[in-house]
Amino acid sequence: MSRSRLRPAPHRVEAERDGQRRCRFPGRLRNLRCDRGLSLRELARRVHYSHSYLWDLETGHKQPTRDVASALDTALSADGALVELITDHEPDEDDQSPLTVALGLLEAHRHDLEAMARSAWSASSGLDARRVAGRWAHVATWLYESFVRSRPPLIRLGASRYSRRMRQESGESPFRMEVLRQGRTPRTECRSVGKQPAPADIAERLMIGPGEPVIRRENLYYADDEPIQIGITYIPVSIAGPSSMVSARALGHGSLYSRLEDLGYPVVRIRECVLARLPKPDEATSLKMSPGVPVLEVLHTSFDGDGRPFEVTRFAMRADLTVINYEMPVED
């Protein structure tokens with residue numbers, strides 16, 4: 001067999017290089033944006049493009065132009081890192097479905113994938129096999145992030161989401177405030193409000209007797225009409241009192257925590273316990289979860305200035321759509 005038959009045609013090599021550069025752009029853009037601590041909406045304001053268009057770039061649903069990449073480089077202080085990934089190829093806007101994009105990217109990486117497969121079959125040691133498995137895991141993760149998790153994960157902003165100042169300025173609940181800050185559209189569905197005996201673990205958190213009556217509120221939370229989390233809140237009846245301030249379905253400006261502050265219970269300190277588990281059947285249905293996807297359970301407790309717990313909420317969050325971000329001082 002001649003050497004010429006072993007070499008790919010020059011135009012094919014260049015096309016594969018173009019494809020490799022294009023498929024690196026979404027991940028590079030997202031990493032740069034997250035490293036700078038910017039939401040899609042904040043970056044959109046800096047470059048004068050819509051945040052939905054930037055989301056399409058980050059997920060590979062649309063291909064960037066050189067002008068867009070240059071504007072993003074400037075806004076992100078990236079020193080031309082994004083422009084370097086742009087080719088002179090003009091994308092066909094009518095052929096940018098997720099399936100088409102995925103097939104194009106797989107074709108661009110075909111030789112790499114074939115080499116990885118050969119390495120897997122010929123691995124001579126456990127160490128070689130682990131290295132190859134790690135490379136396959138990287139490819140699988142990239143495909144999942146690009147085409148299964150089709151939107152950026154929602155970041156739970158830790159303690160700052162309960163800021164009194166931010167709540168007063170925005171008039172929003174903690175969830176709505178953090179969703180809006182990340183360039184998304186929030187929606188909250190109040191599914192039920194009622195009175196019931198406190199479950200044992202909730203009573204312990206609230207420092208009340210087992211079975212004492214509490215107001216129970218259940219909400220389903222959406223970002224861009226995608227269900228993200230369920231929250232079940234418990235407030236002692238002894239704190240809620242006879243008024244409807246915390247038992248109404250619509251809670252007004254500042255939502256629940258403003259109403260609790262009106263009752264004399266400002267949020268001064270919080271405690272949160274986080275664990276990962278598989279969802280209960282009703283949670284999986286409400287959150288429209290695929291089989292095998294876990295939830296993050298956050299058991300939140302609010303304390304007033306005297307250290308008294310006055311509200312507990314158990315959140316069940318889709319682990320594939322949520323990032324929890326905490327920043328706190330270190331105790332010496």
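Predicted model: local features only at pLDDT ≥ 70, side-chain atom pairs only at ≥ 80, totals over all residues.
1. **Overall make-up.** The protein has 14 helices and 8 strands. Of its 332 residues, 42% are buried. Its exposed surface comes to about 18200 Å². Carbon and sulfur atoms supply 53% of that area.

2. **Contacts along the sequence.** Take the contacts with a separation of 6 or more. Residues 24 or more positions apart account for 61% of them.

3. **The largest nonpolar core.** This core has 23 residues. Ile235, Val246, Leu256, Leu260 and Phe315 have the most contacts inside it. At least two residues each come from the helices α10 (174-181), α12 (237-240) and α13 (255-262). The strands β3 (213-223), β4 (226-236), β6 (295-303) and β7 (309-318) each supply at least two as well. In soluble globular proteins, nonpolar side chains tend to be buried together.

4. **Phe315.** Which residues does Phe315 touch, leaving out those up to four places away in sequence? Its partners are Arg156, Arg161, Tyr162, Tyr221, Gln229, Ile230, Gly231, Leu296, Glu297, Val298 and His300. Phe315 is also one of the residues with the most contacts inside the largest core.

5. **Helix α10.** Pro174, Phe175, Met177, Glu178 and Val179 are the buried residues of α10. After α10 comes Gly183, with a positive phi near 75 degrees.

6. Most residues other than glycine have a negative phi. Asp224 is not a glycine, yet its phi is positive, about 55 degrees. Asp225 is not a glycine either, and its phi is positive at about 65 degrees. Asp224 lies in the loop between β3 and β4, and Asp225 is found in that loop too.

7. How accessible is Asp224, and how accessible is Asp225? Asp224 is partly exposed, at 23% relative accessible area. Asp225 counts as exposed, because its relative accessibility is 56% and the cut-off for exposed is over 50%.

Conventions
Residues numbered from 1 in each chain as written. Heavy atoms only, no water. Core = buried A, V, L, I, M, F, W, Y, C linked by side-chain atoms within 4.5 Å. Buried < 20%, exposed > 50% of the residue type's maximum accessible area, 1.4 Å probe, protein only. Helix = DSSP H or I, 4+ residues; strand = E, 2+ residues; numbered from the N terminus. Contact = heavy atoms within 4.5 Å. Areas by Shrake-Rupley, 256 points an atom, 1.4 Å probe, with all protein chains shown as cover.
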